[in-house]
Structures are given as structure tokens and as C-alpha cells.
Amino acid sequence: MAKANGSGRPSRLFRNLNAKIAAIPMILTAMVVFVGFSLWTVVYSFTKSGLLPRLDFIGLTQYERLWNNAKWLVSIQNLVIFGACMLIFSFVIGFVLACLLDQKIRFEGVFRTILLYPFALSFVVTGVVWQWILNPDFGFQSIVRATGWESFTFDPLNNGKIVMFGVVIAALWQGTGFVMVLLLAGLRGIDDEIWKATRIDGVPAWKTYLFVVVPMLRPVFITALVIVTAGIVKVYDLVVAQTNGGPGISSEVPAKYVYDQMFLNQNLGQGFAASTMMLVTVAIIIIPWAYLEFGGRKRG
Amino acid sequence: MSKKFFFTATTAIFALGAAQAKDVEVTHWWTSGGEAAAVAEFAEAFDATGNKWVDGAIAGSGSTARPVMVSRITGGDPMGATQFNHGQQAQELVEAGLMRSLENVASEDGWRDIVHPSSILESCEIDGEIYCVPVNIHSQLWLWLSNDAFEKAGIEVPADWNAFVEAAPALREAGIQPLVIGQQPWQASLVLQNVVAAIAGPETYTKVFNEKDVEAVNGPEMEKAFAALGTARELASGSNVQEWNQATTMVINGEAGGQVMGDWAQGEFAVAEKVAGEDYTCLPGLGLADIVSTGGDAFYFPAIDDPEMTAAQEELARVMISPEAQVAFNLKKGSMPVRGDVDLEAANDCMRKGLDILADGTVVDGLDQVLSADAGNQLADLMIQFFNQPEMSVDEVKEGLIGILEYDS
């Protein structure tokens with residue numbers, strides 16, 4: 001696409017003018033909502049706003065307080081645990097399931113529906129269901145104990161040290177099917193010729209999957225990654241429904257911290273500071289990635 | 001033009017029609033059996049004035065309901081009246097001019113003379129004007145003991161906190177949880193309030209929470225309170241219920257020795273048909289001091305530019321503080337009336353104790369009255385963390401408390 005020095009043509013600004021005019025409302029919305037309101041939030045995070053926003057600047061106090069707050073630190077830690085577990089397990093399990101479904105098995109449609117079905121449930125329903133399943137007196141633990149294994153203990157939701165894994169289990173149950181379906185669609189797009197070629201070369205199937213198919217599925221992986229990561233950063237409803245941050249504060253997450261500060265504690269300033277930190281964190285991850293992804297392509 | 005005329009005309013007709021009876025939507029978070037029965041008393045009394053009470057109950061606790069109320073008021077869709085805990089929860093709404101002053105009603109009817117203790121009306125006062133009607137007083141300084149549990153352990157029912165602490169090992173031996181605290185943060189914060197009020201004493205309590213005096217926090221009195229807090233954590237270890245009423249149920253069934261809870265716990269004992277003194281014992285101020293705190297509920301009235309609504313709001317405010325409604329409401333609610341000149345003859349033993357202390361004992365302000373919502377919740381988070389982490393020292397609590405008070409002052 002050699003277009004940079006097309007001298008005789010009209011200015012690039014006016015090319016496709018109709019399309020550009022049509023996009024103006026969307027551009028404005030994006031600018032006002034995403035950029036404008038984000039800036040507004042950042043500005044007010046330096047104020048002592050309580051129930052209502054007030055321009056009463058107090059410097060970095062809200063941030064100092066944020067990073068000295070045990071609840072916030074626990075939230076960050078939990079988000080890291082939750083994020084790492086979700087990324088690793090939902091992709092590993094999702095990919096394995098997709099590969100298994102890809103073996104041209106019988107009743108594939110049935111299995112696919114069963115595995116994807118939890119995704120149709122909201123996080124709130126998922127949270128409540130798993131709260132009951134993991135309840136030591138009624139759920140899994142009591143069933144195992146009823147079979148005779150009296151000393152069996154599995155009560156993640158009542159144990160602050162492992163409660164996040166209880167949340168991860170529920171989130172995986174809900175979200176893995178979605179990753180699986182995306183990857184399965186990608187697998188279906190792989191040309192049969194590739195399989196034939198590797199078979200002729202005598203490459204075992206698992207190696208083909210790992211070293212040939214996975215690199216080819218890169219765009220699909222990126223799509224799934226973006227969707228899953230966005231879900232991780234904003235996880236809120238699952239935690240509220242399943243544990244409500246407990247026991248104690250051991251399953252708090254950043255989004256819940258922001259909500260609690262803004263609406264329960266009537267401390268908008270603190271909530272804005274926390275959400276600004278979330279924005280910064282996401283930006284730190286996204287910007288270098290976007291630079292490599294898109295900047296690199298332009299040069300190449 | 002004609003459309004506008006039509007609109008004005010119809011509005012005028014509707015306004016005329018409504019001149020006699022005004023629908024007033026009242027939002028609150030009283031949804032449990034006893035609470036709903038209590039609020040129905042207000043509704044009935046208000047309907048008797050010819051207006052109509054439109055019930056806007058919001059299920060869940062105050063923490064669920066308050067954001068809804070606040071966003072309706074700030075979002076320009078105000079209700080006729082709304083519940084808050086009196087104190088600082090609605091202060092910013094008042095300062096932003098979103099709430100109306102009740103000063104004319106209050107001074108006309110002499111609220112400053114009839115409301116007792118006066119501190120709860122002062123909590124409604126901002127810049128010399130009264131903005132809310134206090135409707136009840138809930139003391140949060142109670143220790144509830146299960147007589148059954150102590151009988152099972154073969155020891156006498158303790159008369160105060162110190163005896164309770166001594167009795168704890170015997171309870172543990174008998175397989176009974178000595179002290180039960182639910183996992184909701186505010187419940188842990190109640191324990192702090194209790195030890196500060198009863199062990200450090202009311203003066204220190206006022207210095208710490210009302211005046212936010214950091215020196216008092218570092219003082220020797222608070223040292224004792226912090227030590228008691230550590231003891232409470234030991235006694236409470238092993239309790240893993242969530243809700244306060246589940247914890248009360250454990251006390252009712254004799255599975256736990258005691259619980260620190262506000263006087264609303266009484267409702268649970270009443271529903272279980274337990275008798276104060278026989279089946280359970282209630283100790284105000286941990287049994288160490290005759291003291292009550294004056295947390296409670298109040299109604300605020302959003303500013304609405306409609307003279308009829310304003311009149312109806314004033315009517316409602318008068319109804320809520322009237323002696324008849326106060327008695328009827330508070331008996332059902334299990335709380336104490338805000339006026340000293342009414343008598344609750346039907347009150348049971350525990351409530352009697354509370355009323356007597358209110359009349360001539362020590363009264364301290366509830367935390368909702370003196371701390372902002374922010375500080376109150378921060379404190380609750382700090383306390384629940386303390387109770388869940390055996391390795392957290394009381395010095396860390398002290399530091400945390402100082403930080404919270406400094407930001408709030």
C-alpha cells in the first residue's frame with residue numbers, strides 16, 4: 001500500500017468523506033465518554049470529594065491512603081491470583097477441550113452445548129450456585145463425608161487463605177466453555193492440507209497442535225485473551241454473589257473496592273483514586289502490547 | 001401553544017384533586033418481620049391524617065438501600081421522605097441543598113425540649129437548623145449471654161465481661177463457642193465500640209470518637225481497651241457464621257456463650273420465645289458500666305418545589321415524633337423512643353434496663369452520629385481484618401484507628 005506520497009490526490013483528510021462524517025457521532029461519544037470522563041475521574045481523584053464531587057484539592061492524599069489500605073492491597077493481590085489462574089486454566093482447559101471436540105467425535109453438538117451452557121448464566125447466578133456447592137454443610141464436602149470419608153475437608157469459601165481459588169473454580173466453570181468455542185472455531189479454520197502435510201512428515205498429532213496449530217491460531221488467541229482479560233479486571237458481581245468479599249476481607253477485588261468506596265463509604269475521591277490506579281494498570285499492560293502489535297506491523 | 005395550555009390545565013386539575021390527600025413515597029430498609037410491622041404503624045398514623053403513605057421499602061440492609069436513596073436524590077427523582085441513620089450519612093446532601101430544613105416545625109413544636117437525649121436531635125442539626133426527625137434509639141452496647149450454654153458448662157452466668165472471660169475456658173471444654181461474631185465488618189466494629197465504651201470508659205470514648213483525639217488513642221485507658229480487644233479475638237476464634245442473626249441464633253440455641261450486639265438482637269430472642277433473665281441475660285456496657293449509645297434511625301425530607309408536598313412532609317414529620325406513633329412504633333421495633341415523656345409499659349426486662357440508663361445513666365453518641373460513613377466503614381474493615389488475622393497486633397489496630405480519625409477530622 002504505497003500511498004504516503006500520492007501527490008496529485010486530494011488531501012487524505014477528505015477521502016471517504018461520507019464515511020468520516022457518519023463516524024463523527026461515534027468519535028464524539030468515544031472522546032467524551034472514554035477520554036473526557038476518564039480525565040474528569042483522574043482530576044477528581046486528587047480532591048477530598050465525599051458523597052458529591054467537590055473541587056477541594058488535597059494532593060496525593062487519596063493515593064497515599066489507597067496504598068496504605070489493607071483492603072486495597074488484598075484486592076490487588078487477589079486480582080493477580082485470580083487473573084493468573086483464570087488465564088492459565090481457562091486457556092489450557094479450553095484448548096484441550098477444543099482439541100478433544102475437534103477429533104470428529106459423535107454427538108459433538110451435545111458436548112459443545114453442555115460445555116458452553118454455563119456461559120449463558122450470569123455471574124450472579126454462577127456465584128450463588130457455587131456458594132451452595134462449596135458450602136461445607138450442604139455441598140461437596142458434606143456429600144463426600146456422607147460416603148464415609150469423615151475427615152474430608154474442602155471449604156474454600158470459609159477459609160481466607162484459599163477463598164480466591166473457590167472463586168476461580170466458579171469463574172472457570174462459567175468462562176472456559178467460551179474460550180473453548182472460540183478456539184474450536186479457530187481449529188475448524190485450519191486447512192486440512194496442513195494436517196495432511198504433517199501426517200506425511202510423521203509429526204505426532206500433539207506436536208502438530210502445539211507447534212503448528214497454536215501459532216496459526218494466534219489471532220483467535222488474541223481475541224480470546226482480550227475478552228478474558230477484560231473480564232478479569234472488572235470482576236465484581238461474581239465475588240459479590242459468592243463471598244461478598246469475605247471471609248473478612250480476604251476475597252476483595254479492585255472493582256468492588258471502587259464501588260464500596262464510592263457508594264457505601266461516600267468517599268468519591270478514594271473511589272476515583274482506586275479506579276485511576278486500575279486504569280493506569282490496564283494502560284501499562286495495553287500500551288506496550290498495542291505498540292508492538294500495531295506499530296510493528298506498519299513498519300513490516 | 002395549545003399543547004402547553006393543555007398541559008398546564010391538566011396539571012392544575014390534578015393538583016386541585018390532590019390538594020386534600022398527597023401521596024408521599026417513603027423509602028426505608030425495614031423489611032424483616034418486626035421492622036415491617038413497626039413501619040406499618042407510621043403508615044397507619046400518617047394515612048389517618050388524610051394523606052397517603054406510599055411504601056418504598058428497599059430490601060437488603062442499609063448498605064444496599066443507601067446508595068439507591070442517594071442516587072435517586074442526586075439524580076433528580078426525590079422521594080417524599082427517606083430513612084437514614086442520623087448523623088453524617090446525609091450531611092453532604094443537606095449541604096448541597098437537596099434536603100429541606102424542618103426548622104420551622106421543630107421550633108414550633110418545641111422538639112428541642114421533648115427529644116431526649118438531646119444529642120440525637122443535635123445530630124440532625126446542621127448550621128443551626130434541623131433537617132431530620134429522629135424516630136428511635138438503638139443502643140449498640142450490649143452483651144447477650146446464653147444461660148443454657150453456661151448451665152451446660154456447669155458454671156454460673158457471668159455478671160460482667162471479666163467474669164465472662166474467666167468462664168471462657170470452661171465453655172470451650174464443654175464444646176461451646178465462647179463468643180460469636182459474624183463475619184460482616186460492622187459486627188466486628190461493634191466489639192470495638194463496646195470495649196472502648198465499657199473498658200476505656202465513656203470519657204475516653206467521647207475523646208476518641210467525637211473529638212478524634214489522637215492522644216487519647218495512645219493513652220493508658222485505650223491500652224486496656226485494646227488488650228480486651230485481643231481477648232475478644234481469642235474468645236471469638238472458631239466462629240464462622242456470616243450474618244448477625246445467625247450468630248444470635250447460636251446464642252439462643254446455647255451453642256455459643258455470648259454475642260456483642262445492638263438491642264435489635266432482642267427481636268430474635270422474642271421470636272424464639274425466650275425470656276430475659278431465664279433463658280438469656282443482657283448486659284449493657286459489657287456489665288461493667290451502665291451505659292447506652294444512641295445510634296438510631298431518622299427520616300430526612302428531600303427539598304421538593306411543591307407547597308402541597310412540603311405541607312405533607314411537615315405533617316409526616318409531626319406524625320413520626322408524636323407520642324402515640326413513638327410508642328406504637330418503638331414497641332414493635334424493639335427500640336427506645338426519642339422522647340423522654342412517653343412510657344413504654346409493655347417493654348421487657350432488657351428494654352427496661354436500657355430505658356432506665358437512658359433516663360439517668362451514661363449516654364454516649366453512636367458511631368454513625370460522630371463518624372462519616374467513610375470513617376465508619378474503614379473502621380469496620382480494620383476490625384474485621386483484626387478478628388480474622390490472629391497475627392495482626394493491637395498496635396496495628398491503634399495505628400489504623402489513628403489514621404482513620406486523622407483523615408476524618
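In chain B, strand S6 and strand S12 (residues 297–300) run antiparallel to each other and are joined by 3 bridges; strands are DSSP runs of E with at least two residues, helices are runs of H or I with at least four, and both are numbered from the N terminus. Two strands count as paired if DSSP finds at least two bridges between them. Within this pair, Cys132(B) sits opposite Tyr300(B) of S12(B). This is a predicted model, where local features need pLDDT of at least 70, side-chain atom pairs count only at pLDDT 80 or more, and totals for chains, interfaces and linings use all residues. Residues are numbered from 1 along each chain as its sequence is written, while chains are lettered from A and ligands numbered from 1 in the order in which they are written.

The pair belongs to an open sheet of 5 strands in chain B, ordered S2-S1-S3-S12-S6, with mixed pairing. Strand S2 (52–57) and strand S6 (132–134) of chain B each have a single partner strand, so one side of each has no neighbour in the sheet.

Zooming out, chain B has 21 helices and 13 strands. Its C-alpha trace spans about 85 × 45 × 35 Å along the principal axes.

Over in chain A, Ile105(A) lies in the loop between helix H3 (70–101) and helix H4 (108–116). Ile105(A) is exposed, because it has 10 other C-beta atoms within 10 Å.

Definitions and conventions. A residue is buried if 20 or more other C-beta atoms lie within 10 Å of its own, exposed if 12 or fewer, and partly exposed in between; C-beta atoms are placed from the backbone.
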